[in-house]
Amino acid sequence: MQFGRYYEEFEVGAVYKHWPGKTVTEYDDHLFCLLTMNHHPLHMDAHYAEETTDFGKNVVVGNYIYSLLLGMSVPDVSGKAIANLEVESLKHTKPTFHGDTIYGETEVLDKTPSKSKDDRGVVHVETRGYKQDGTVVCTFRRKVMVPKVSYGDARGGEQPGRPTPQV
C-alpha cells in the first residue's frame, strides 16, 4: 500500500478523497481541549453552551478538526514529505458537534520543482473537511516539500529504514 506520494505523482487539479471518516465524540473533543489547555466553556461545559450560546450545545474545538483533517491527509499527501513548509490559510466555516462524522479531501493546486535541489519540489494543496451531510466545516491551504523518486531511491525506496527480520 502506498503511503504518501513522490513529487512526480502529484497532478495539478487532482483530488484525493481521504478514507475513512471519523465520528467525533465528546471524549475526543474534551481530551484535545485538555491536552492543549483550551478550557473555553463553549467546548467543555454543556450547561454553559445550552444556556448562553446560539448553538445550544457544545461546539467541537476547531483545532481538533484541523488536526484530524491534517492527519487524514497524510497517507494521500504528505506521507513521504521532507517538510511541511507553510499553512497559508485556515478557515472554520461551520461548527462541528459531538456525533458528527468528518470526511476530508485534498486538491492539488500547484507544484513547483525546487530551485536549490533537483531531488524535491513543493506541492501546494487545499484540504476541505465536511460533515456527514456534506456541509464544509474547515478548509486550509498548505505547502509541502516532497521528494522526487530519485530522493526515495537513494534512501531505500518505498519503506526506508525497514529492518529485515532475523529468523
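Two residues are in contact when they have heavy atoms within 4.5 Å of each other. The model looked at here is predicted, so local features need pLDDT of at least 70 and side-chain atom pairs count only at pLDDT 80 or more, while totals for chains, interfaces and linings use all residues. Numbering runs from 1 along each chain as its sequence is written, and side-chain values use heavy atoms, with hydrogens and water left out.

Leaving aside residues up to four places away in sequence, Thr101 touches Gly21, Lys22, Thr23, Tyr130, Lys131 and Gln132. With one of these, Thr23, the side chain of Thr101 makes a polar contact of 2.7 Å; such a contact is a pair of N or O atoms within 3.5 Å, where, within protein, one must be able to donate a hydrogen and the other to accept it, and residues adjacent in sequence count only if both atoms are side-chain atoms. Thr101 is found in strand β3, which covers residues 101-113. Strands (E, at least two residues) and helices (H or I, at least four) are DSSP runs, numbered from the N terminus. At a relative accessible area of 14%, Thr101 is buried; the cut-offs are under 20% for buried and over 50% for exposed, with partly exposed in between (1.4 Å probe, protein chains only).

Next come the aromatic rings. Rings of Phe, Tyr and Trp (its six-membered ring) pair if their centres lie within 6.5 Å, and planes under 30 degrees apart count as stacked, over 60 as edge-to-face and the rest as tilted. By this rule the count comes to 6 aromatic pairs. One of them is the stacked pair of Trp19 and Tyr103, at 6.2 Å centre to centre with 20° between the planes. Trp19 lies in strand β1 (residues 15-23) and Tyr103 in strand β3, so this pair ties together parts that are 84 residues apart in sequence. Trp19 counts as exposed, at 72% relative accessibility, whereas Tyr103 is partly exposed at 24%. Tyr103 also stacks with Tyr130, at 6.3 Å centre to centre and 25° between the planes. Together, Trp19, Tyr103 and Tyr130 form one aromatic cluster.

Charges turn up over rings too, meaning that NZ of Lys or CZ of Arg is within 6 Å of the ring centre and within 35 degrees of the ring normal. Lys80 has its charged end over the ring of Tyr6, 5.0 Å from the centre, and Lys111 lies over the face of Tyr7, at 4.4 Å from the ring centre.
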